[in-house]
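Here is a short briefing to read beside the sequence and the 3D view. Please keep both open as you go through the points.

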Amino acid sequence: MDDTSALRPPALQWLEGETTALGFDMASEPRTGALLATLAASKPGGRFLELGTGTGFGTAWLLSGMDDASRLETVDVDPAVVEVAKRYLSDDRRVTFTVVDGAEYLRGASGQFDLVFADAWPGKFTHLDEVLALVRPGGLYVVDDLLPQPNWPAGHPDKVASLVADLERRDAFAQVALQWASGVRLMVRRPTDR
Ligand SMILES: C[S@@+](CC[C@H](N)C(=O)[O-])C[C@H]1O[C@@H](n2cnc3c(N)ncnc32)[C@H](O)[C@@H]1O
């Protein structure tokens with residue numbers, strides 16, 4: 001069974017080569033991407049946020065699932081990696097790239113989102129209240145890299161355990177841990193009138 005190929009974004013073949021050449025080893029794996037694309041397709045006309053553009057893997061997968069009326073804002077602090085993403089994806093009018101610290105972005109963000117893929121430190125290990133406030137009722141908050149990874153630095157397992165414990169306490173969200181790809185937590189903000 002190939003569970004990723006149906007939605008595979010064409011730009012990925014170019015992004016992969018450039019990402020390897022750059023030595024960037026934090027790109028999302030295909031199964032995370034396929035999940036993002038599938039979730040994006042559930043939000044027609046949606047407003048999407050990716051924290052941590054990297055070289056554009058998640059961006060490309062999200063775009064592949066989004067319809068024409070949807071919009072994606074993607075944020076990263078490192079202009080060198082964003083440059084790779086922009087080279088292959090900036091022709092798509094649905095996406096806006098912003099190079100800024102994620103914490104600063106979150107402080108200035110307005111409105112709410114239908115899906116947030118939190119793939120940078122701010123919005124995941126810090127600024128959790130701020131980012132979760134940006135998820136609208138019925139909207140999704142997605143984080144990955146929750147299962148032990150070979151490239152984790154010392155001390156990171158404790159940080160992930162604290163993050164998961166914090167997320168589990170958020171009663172405003174229905175949530176599930178998925179043994180999928182690098183380990184995903186999928187959370188949906190419950191309607192306020194329950
Ligand atoms: C896991 S990678 C993102 C991978 C990407 N989402 C993908 O799907 O391939 C994490 C990214 O977070 C960015 N980053 C690190 N600190 C940040 C910060 N304070 N604000 C914004 N981005 C940050 C890094 O430059 C890196 O590109």
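Leucine 36 sits in helix H2 (residues 30-41), where helices are DSSP runs of type H or I with at least four residues, strands are E runs of at least two, and both are numbered from the N terminus. This is a predicted model, in which local features need pLDDT of at least 70, side-chain atom pairs count only at pLDDT 80 or more, and totals for chains, interfaces and linings use all residues. Residues are numbered from 1 along each chain as its sequence is written.

**Leucine 36 and its surroundings**
- Leucine 36 counts as buried because it has 31 C-beta neighbours inside 10 Å; a residue is buried if 20 or more other C-beta atoms lie within 10 Å of its own, exposed if 12 or fewer, and partly exposed in between, with C-beta atoms placed from the backbone.
- Leaving aside residues up to four places away in sequence, leucine 36 touches Gly58, Trp61, Leu62, Gly65, Phe117 and Val142, where a contact means that the C-beta atoms, placed from the backbone, lie within 7 Å.
- Alanine 11 is 25 residues from leucine 36 along the chain, and the C-alpha atoms of the two are separated by 16 Å.

**Helix H3**
- In helix H3 (residues 57-65), 9 of the 9 residues are buried, so this helix is largely enclosed by the rest of the structure.

**Helices H1 and H4**
- Helix H1 (residues 12-22) packs with helix H4 (residues 79-89) at an angle of about 160°, and their axes are 10 Å apart; axes are lines fitted to C-alpha atoms, for helices over the stretch in contact, and angles run from 0 to 180 degrees between N-to-C directions.
- That angle makes H1 roughly antiparallel to H4, since angles over 145 degrees count as roughly antiparallel, under 35 as roughly parallel, 65 to 115 as roughly perpendicular and the rest as oblique.
- On the H1 side the contact is made by Trp14, Leu15, Glu18, Thr19 and Leu22, and on the H4 side by Val81, Val84 and Tyr88.

**The chain as a whole**
- The secondary structure of the chain comes to 7 helices and 7 strands.
- Buried residues make up 39% of the 194 residues in the chain.
- Along its principal axes, the C-alpha trace of the chain spans about 45 × 40 × 40 Å.
- Among contacts between residues at least 6 apart in sequence, 68% join residues at least 24 apart.

Key: Two residues are in contact if their C-beta atoms, placed from the backbone, lie within 7 Å.
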